[in-house]
Amino acid sequence: MKGTIVSRTTGHAIGKIIAVHLSYPSRAAQRGRIPSDASYFIKAPSSIADPGTVERPANTELLVFEGEIALVIGTAARRVTEDEAWSHVGWVTAGNDMGLLDLRAADRGSNTRSKSGDGMTPLGPTLIPAEDIDPAALHIRTTVNGEIVQDDSSATLLFPFAHLIADLSRVMTLEPGDVILTGTPAGSSVLQPGQTVSVEVFSETDPAVTTGPLTTTVVEAPALAPIGSAPAVDDQQRIDAWGSREAAGLPSTFSLSAELRTRLDAVAVSTLSSQLRRRGLPDTTIDGVHPLVPGTRMVGTARTLRYIAYRPDLFKARGGGYNAQKRAVDALRPGEVLVMEARGIDTAGTLGDILALRALARGAAGIITDGAVRDSAAVAATGLPVHCAGTHPSVLGRVHVPWDVDVTISCGGTAIQPGDVIVADDDGGLVIPPELVEEVLADAERQEREEEYIARMVQKGHELKGLFPLGPEWRERYEQDAATGA
């Protein structure tokens, strides 16, 4: 850090390193839980490193990075209020809360060995004076081999910096030279030898005020000695480290087979809806959306994209470049449906022809948005199944900011999670929890066979009483006819 480590830059001895478990909504959503209070763990001061290299022992596999905004305490803080807290921060810099998760088995919760190894807390390279920045307008960006993998803002924090400082100072004195690692946004993952990770923190009001890139390259090291608890991982640890089952290369717990897709494609959404209602799920329809081209159906597993209300500073930080909207489309895999939460606003475009073409090229099963589609004729011409709330010529940046991907969203008034099964026809769209797909589908097929029989009987002139729905006498007759193929 314009020299080496904190002590040489600030004149203070290196103190405590206190790290926050979860503080960004994007990370909390990825982990599937939102903490009600901040929680912490301690890292050894000897883990601090300058930009350079970090070792991954040969008998480990889960070396993780976590780009973070690091606060360096400038003046002692004890029992300070949130209003007073920021005045005790001397500097802000970039941090990387690295760790070997192979070593968590015996230390779960404390993270003592997994997070405190030599070189596991790179900091720097430049300290920004705290008095020069707005703590609610800091941006953090992490790249791996030059590709952006984390991109978030302190404006989104569940626990603002002042809260963390005041909370900690209730029970301990924060001393000059102490470092608070304030949590990581979504996108943390695993590094391999040869890969390079860079973390940069900059002011969203003046991007020229920056820490510069904190760059660390992974090198292979000799295996850890066979002393104490050996490195060990399981599938859940791999999922936590990589961020998802898919990223970890693990098979999905639910697979929408070609056979299930074909059967779902033959059943009306209205029939599926009635079966879900019978199971206590009456609110699974994606209301207010209709096919851009009548007669369009789609079946697939959900990927999600969330927009938030437009605000100039947030759009400047998150709306341009390779934003969440583009990342969501680029990440689509064959047979997936991208579902967009656009707050039900049908006067702002959330999809255009270029994105539709890219989704089609990726093999997507379709796109559903409770917002509007622009370039609607061109989008329709691509042949990609699209359901939307309307059409509108506006471009991005008037009403929405594309915010995050693969989180639980609300689209058309219903909750949708990545991996849910989506079925849509002219009546609209519907979401089915994966664990219910097979039984709901089987009962829906049975219901449609019965309703086809009832329709034939009505066409023959029979009255509805006892027939719709099937009463005991008609059900006996139906089962006899079904057995004989009548």
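Me: How do the axes of helix α13 and helix α14 run relative to each other?
Reply: In this predicted model, the axes of helix α13 (residues 437-459) and helix α14 (residues 472-484) come within 11 Å and cross at roughly 105°. Axes are lines fitted to C-alpha atoms, for helices over the stretch in contact, with angles from 0 to 180 degrees between N-to-C directions. The helix α13 is therefore roughly perpendicular to α14, a label for angles of 65 to 115 degrees.

Me: Which residues make the contact?
Reply: From α13 come R449, E450, Y453 and M457, and from α14 come W474, R475, R477, Y478 and D481. Contact means heavy atoms within 4.5 Å.

Me: Which aromatic cluster includes Y453?
Reply: Y453 forms one aromatic cluster with W474 and Y478.

Me: How many aromatic pairs are there?
Reply: The count is 4 aromatic pairs. Rings of Phe, Tyr and Trp (its six-membered ring) pair if their centres lie within 6.5 Å; planes under 30 degrees apart count as stacked, over 60 as edge-to-face and the rest as tilted.

Me: Why is the pair of W86 and F161 stacked?
Reply: The ring centres of W86 and F161 are 6.0 Å apart and the planes lie at 20°, so the pair is stacked.

Me: Is F161 buried or exposed?
Reply: F161 is buried, with a relative accessible area of 3%, and W86 is buried at 17%. Buried means under 20% relative accessible area, exposed over 50%, partly exposed in between (1.4 Å probe, protein chains only).

Me: What should I know about the numbering and the model?
Reply: Residues are numbered from 1 along each chain as its sequence is written. Local features need pLDDT of at least 70, side-chain atom pairs count only at pLDDT 80 or more, totals for chains, interfaces and linings use all residues, and side-chain values use heavy atoms, leaving out hydrogens and water.

Conventions. Helix = DSSP H or I, 4+ residues; strand = E, 2+ residues; numbered from the N terminus. Parallel < 35°, antiparallel > 145°, perpendicular 65-115°, else oblique.
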